[in-house]
Amino acid sequence: MARETIFVVEDEDDILELISYNLTREGFSVKGFGCGEDAVKALQTGLPDALVLDLMLPGIDGMEVCRRLRSMSGGAGVPVVMLTAKGEEADIVRGLENGADDYMVKPFTPRVLVARLRAQLRRRHSDPSSILDKSEAIIEIAGISIHPGMRTVTVNGKPVKMTASEFKALYFLGSRPNWVFSRYQIVEAVHGENYPVTDRSVDVLIVGLRRKLGEVGNRIDTVRGTGYTFRDGHND
Ligand code: CA
């Protein structure tokens, strides 16, 4: 099997070098870029298997690179792991909304980055219909319609754009209304087994999901000390 190619976009040389070294050692073919413009140019000539993308870059930032990738033919299926500095949590939500599949807060250990990347690549290589079987039922709940085959969500008839992770989390929660799920269960539903669980990433995912759903987003309830539930309103 050909080696998988990873593009790494990072303006800090030492971090770029650290990531490149570790990914190369893990058998990946790595191409590094110091700015967003160079990365976009390279993306236009050929897509990698995955993209590690720093958020803060000189010129066009990581968010914009991600947006452009998603608009390219075939670009929607390329996993993107975004890198952020501490204190950029609001940006993380934006990043996930703009199509990043995962994120890591600096400083991080390269080993964890490699694990996250592998998890994303596995998801991509598994059956294209992935963890959601096309035969699964469409969920209609509280004005929200979730179509697992078309992977579309509408709220009161209006389409709502979701990232792959948000979609899976919503489908998972919506498939069993009023059941309480732990963060671990949600991570497993979204990313598959053996994925490093961080409470923070689940919380960020839910924040983004609520925001996109607008008024009906408040049906996703936080259950203190446990996790989350989707209320169908029948017990209100
Ligand atoms: Ca940077």
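Predicted model: local features only at pLDDT ≥ 70, side-chain atom pairs only at ≥ 80, totals over all residues.
The expected span of a helix is 1.5 Å times one less than its number of residues.

Helix α8 covers residues 199–213, and its 15 residues should span 21 Å at 1.5 Å a residue. The end C-alpha atoms of α8 are 21 Å apart, which agrees. Buried residues in α8 include V202, L205, I206 and L209. After α8 comes G214, with a positive phi near 65°.

Now the sheet. Five strands make an open sheet, ordered β2-β1-β3-β4-β5, with parallel pairing. At the edges are β2 (29–33) and β5 (102–105), each of which pairs on one side only. On average, neighbouring strands in this sheet are turned by 20° against each other, direction ignored.

Take one pair from it. Strand β3, residues 50–54, pairs with strand β4, residues 80–84, in the parallel sense over four bridges. Within that pair, L53 stands opposite M82 in β4. Helix α1, residues 13–25, lies across β1 (5–9), β2, β3 and β4, and runs at about 170° to β2.

Last, the metal. Which residues coordinate the calcium ion? They are D11 and D54, each through OD, and M56 through O, at 2.1 to 2.4 Å. D11 sits in the loop between β1 and α1, while D54 is in strand β3, so this pair ties together parts 43 residues apart in sequence.

Are these two aspartates buried or exposed? D11 has 32% relative accessibility, so it counts as partly exposed. D54 is at 3%, and therefore counts as buried.

Terms used:
Residues numbered from 1 in each chain as written. Heavy atoms only, no water. Pairing = 2+ DSSP bridges. Helix = DSSP H or I, 4+ residues; strand = E, 2+ residues; numbered from the N terminus. Axes fitted to C-alpha atoms, helices over the stretch in contact; angles between N-to-C directions. Contact = heavy atoms within 4.5 Å. Buried < 20%, exposed > 50% of the residue type's maximum accessible area, 1.4 Å probe, protein only. Donors = N, O, S within 2.8 Å, 3.2 Å for Na, K, Ca; no water.
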